[in-house]
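Keep the structure open as you read. The paragraphs below walk through loops, sheets and helices in turn.

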Amino acid sequence: MPFKFIKVCFVLLLFTIACQKKVTVGEINVPPKTDTVKSDVSFYLTTADRSSTFQKQNVPLNFSSNISNQGFTIEVNENISFQTMEGFGYTLTGGSASLINSLDATIKENLLKELFSTDGSGIGISYIRVSLGASDLSFVPYTYDDISPDKMDLNLSSFTLDRERADLIPILKKITEINPQIKILASPWSAPLWMKTNGSFVGGKLKPEYYGVYADYFVRYIQAMKSEGIVIDAITPQNEPLHPGNNPSMLMLAAEQAEFIKNNLGPAFSSAGITAKIIIYDHNADRPDYPISILNDPEAKKYIEGSAFHLYGGDITALSTVHSAHPDKGIYFTEQWVGGPGDFAGDLKWHVSNLIIGASRNWSQNVLEWNLAADSEYKPHTAGGCTNCLGALTIGSNVTRNVSYYIIAHASKFVRPGSLRIESTNSASIQNVAFKTPEGKIVLIVLNSGNASQNFSVKFRGKAFSSTLAAGSVATFYW
């Protein structure tokens with residue numbers, strides 16, 4: 001056998017082996033091409049043991065009219081619809097903005113695209129909350145009109161957004177470039193100290209004589225942000241109005257909030273042509289009487305878009321209680337933390353059950369997790385602020401994605417603004433919620449809240465497919 005022929009055969013053999021494994025181009029490993037199975041349904045999975053974290057599954061899920069019964073059947077009915085969804089996301093605290101803005105320019109750009117891009121390449125966050133002034137996850141407490149508490153600034157001549165120009169405003173501008181339709185809700189943790197009864201960032205009330213100027217403060221804020229190219233879609237008059245022990249914080253009772261809205265904030269918005277929504281309460285589900293009492297006042301109600309909730313107290317069904325009392329007004333879910341270091345499996349199950357599924361099934365038009373980013377020591381935070389709030393991202397020498405990243409991703413990537421929640425049969429162990437997107441696609445989010453793997457079927461338009469979820473796993477099905 002000629003040597004030249006042997007050499008050619010040897011080269012061909014090496015080439016065949018390389019093709020069967022992977023091809024290396026420079027320093028980039030290119031995996032071999034694999035055939036994607038034919039499937040009617042896309043399927044993304046997060047498991048309790050983290051063996052899969054929001055990963056698309058390459059399994060065939062095809063509708064059939066001859067499928068045998070596979071455990072519980074989820075019947076999705078697009079002919080029965082409920083609320084229109086506005087979005088899913090996080091609170092972009094001042095601390096979150098600072099940490100993200102500190103990243104290398106390329107890493108920052110790629111991360112923001114991953115979070116906010118709507119082209120399918122990322123998780124498509126569509127709704128964020130920001131603090132109007134400092135929150136307890138800022139470096140220090142501040143407002144936008146900080147003068148000596150013993151002075152007055154009735155014309156708001158000292159009003160400035162300068163504290164936000166280093167980090168928050170630049171990050172918001174980048175976000176709105178990536179997603180111009182992003183909805184932004186702003187919530188104050190405290191009024192300027194000179195407007196408060198105790199002259200302190202912690203606690204105190206808004207003095208009645210400053211109700212009018214505080215309404216002007218909101219107007220000035222919305223106008224100032226608009227001049228930066230940032231549109232504020234909605235505000236709440238006060239974050240956690242029944243929790244005056246945070247730093248910053250301010251007590252605002254229901255009767256006081258009603259008075260402020262009907263006599264000051266609502267008329268000020270109308271006079272200035274402000275179209276931002278006014279959303280009341282912004283606190284726990286254990287006090288549905290708070291928003292109901294305000295909405296019972298017709299003069300306040302005419303300025304109000306809806307009521308916002310957290311779930312550090314009470315039950316998520318309280319959102320339906322408020323909806324039933326005032327079905328013409330919206331319901332919003334605006335905050336829930338994950339306490340660090342966290343329990344991935346337990347946190348995944350609780351948050352998906354109560355928020356992604358629970359809040360949506362109880363009429364909420366959005367779902368927001370608390371705090372987009374923190375460092376490895378849960379900083380920054382104010383003195384007396386939250387000392388163990390785990391961000392969706394931990395930012396240090398690298399970026400780590402934590403449990404609330406995946407919780408929100410299972411909804412935000414697929415349930416685009418304008419989607420309708422539609423009917424789906426639910427059970428205690430195979431919990432689920434379904435949506436129909438503006439493009440006519442169906443999204444079904446399913447949680448196995450039981451302690452063992454479960455088979456189930458999904459029925460739609462007379463046909464069905466079957467699937468299996470391990471205990472504590474979450475799946476998003478999309479067709």
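Begin in the loop between β14 and β15, where Pro 380 lies. The bond between Lys 379 and Pro 380 is a cis peptide bond, with omega at about 0°. The model is a predicted one. Most residues other than glycine have a negative phi, and most peptide bonds are trans. Pro 248 sits in the loop between β9 and α6.

Backbone phi gives another local feature. Asn 371 is not a glycine, yet its phi is positive, about 80°. Its place is the loop between β13 (364-369) and β14.

How far can the coordinates be trusted? The chain has an average pLDDT of 93, and 92% of the residues reach at least 70. Residues 1-34 are another matter: pLDDT stays under 50 there. For this stretch the model has 13 contacts beyond four places in sequence. Where pLDDT is low, the predicted coordinates should not be read in detail.

Now the barrel. Eight strands form a closed barrel, in the order β6-β7-β8-β9-β10-β11-β12-β13, with parallel pairing. Strands of a sheet pair through backbone hydrogen bonds, either parallel or antiparallel.

Helix α6 lies across β9 (234-235) and β10 (277-285). Against β10, α6 runs at about 155°. The loop between β9 and α6 is the one that holds Pro 248.

Which helix packs with α6 at an angle of about 45°? The partner is α5 (residues 211-227), and its axis is 9 Å from that of α6 (residues 254-272). Angles under 35 degrees count as roughly parallel, and 65 to 115 as roughly perpendicular. α5 and α6 are therefore oblique to each other. Their crossing is right-handed. On the α5 side, the contact residues include Tyr 211, Tyr 214, Phe 218, Val 219 and Ile 222. On the α6 side, they include Phe 260, Leu 265, Ala 268 and Phe 269. By class, the contact of α5 with α6 has eleven nonpolar, three polar and three charged residues.

A second helix pair can be read in the same terms. Two packed helices are described by the angle between their axes and the distance between the axes. Helix α10 (residues 344-361) and helix α11 (residues 403-412) cross at roughly 35°, and their axes come within 9 Å. This crossing is right-handed. Helix α10 contributes Phe 344, Asp 347, Leu 348, His 351, Val 352 and Ile 356 to the contact. Helix α11 contributes Val 403, Tyr 406, Ile 407, Ile 408 and Ala 411. The contact of α10 with α11 divides into nine nonpolar residues, one polar and one charged.

Two bridges hold β14 to β15 (residues 393-395) in the parallel sense. One of the residues to check is Ala 374, whose bridge partner in β15 is Thr 394.

Move on to β17 (residues 420-424). Four bridges join this strand to β5 (residues 72-84), and the two run antiparallel. Thr 84 has Leu 420 of β17 as its bridge partner. β17 also runs antiparallel to β18 (residues 430-436), over three bridges. Here Leu 420 stands opposite Lys 436. Five residues make up the hairpin link from β17 to β18.

Finish at another hairpin. Strands β20 (residues 454-460) and β21 (residues 463-469) pair antiparallel over seven bridges. Lys 459 has Ala 464 as its bridge partner in β21. Two residues lie between the strands of this hairpin, and Arg 461 takes a positive phi near 50°.

Terms used: Residues are numbered from 1 along each chain as its sequence is written. This is a predicted model: local features need pLDDT of at least 70, side-chain atom pairs count only at pLDDT 80 or more; totals for chains, interfaces and linings use all residues. Side-chain values use heavy atoms; hydrogens and water are left out. Two strands pair if DSSP finds at least two bridges between them. Axes are lines fitted to C-alpha atoms, for helices over the stretch in contact, and angles run from 0 to 180 degrees between N-to-C directions. Angles under 35 degrees count as roughly parallel, over 145 as roughly antiparallel, 65 to 115 as roughly perpendicular and the rest as oblique. A crossing is left-handed if the near helix is turned anticlockwise from the far one by less than a right angle, and right-handed if clockwise. Contact means heavy atoms within 4.5 Å. Ala, Val, Leu, Ile, Met, Phe, Trp, Tyr, Cys and Pro count as nonpolar, Asp, Glu, Lys and Arg as charged, and the others, Gly among them, as polar. pLDDT is the predictor's confidence in each residue, from 0 to 100.
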